[in-house]
Amino acid sequence: MGALPVFRWRLAPDGYATRRQLRAQGLRPGGQQVAATLERPRHRREPLVAYLYRVDLAQPVRPMTPGRWAALAAANRARRTCPKCRRDAGYVIPTSLGMCVPCAYPDPDSPRSV
């Protein structure tokens, strides 16, 4: 197999799409290899590269099943649960803190004891 075709930014021919563009059309690459690349030149740095896939070989996105919905809900619930106080924070716990904001910065005047 030869080298991949390289196109300049915004100049790719019809029939090629990035993963995001495929997803917006309800498609996925479906196991196909990268068909081409886009390069966006940048001043004094390496160019930005985007990978393109053939739209005619793309497959429909797999539908969400009840099991996949349940797994996604459990993963999101785990991201909202504080490991210190075990409460649902109501938001995704920042990884920089590793715990909910009240646990990370306790208020000494607050009656809540953790």
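Arg 8 is exposed, with a relative accessible area of 54%; exposed means over 50%, buried under 20% and partly exposed in between, using a 1.4 Å probe and protein chains only. Keep in mind that this is a predicted model, where local features need pLDDT of at least 70, side-chain atom pairs count only at pLDDT 80 or more, and totals for chains, interfaces and linings use all residues. Numbering runs from 1 along each chain as its sequence is written, and side-chain values use heavy atoms, with hydrogens and water left out.

Arg 8 sits in strand E1 (residues 6-8); strands are DSSP runs of E with at least two residues, helices are runs of H or I with at least four, and both are numbered from the N terminus. Leaving aside residues up to four places away in sequence, Arg 8 touches Leu 38, Glu 39 and Pro 41, a contact being heavy atoms within 4.5 Å. The C-alpha atoms of Arg 8 and Arg 40 are 6.2 Å apart, though 32 residues separate them along the chain.

E1 belongs to an open four-stranded sheet, ordered E1-E4-E5-E2 with mixed pairing. E1 and E2 (16-17) are at the edges with a single partner strand each, so one side of each has no neighbour in the sheet. Strands pair if DSSP finds at least two bridges between them. E4 (residues 36-42) and E5 (residues 45-54) run antiparallel, joined by six bridges; Arg 42 has Arg 45 in E5 as its bridge partner.

Here are the two residues with accessibility values:
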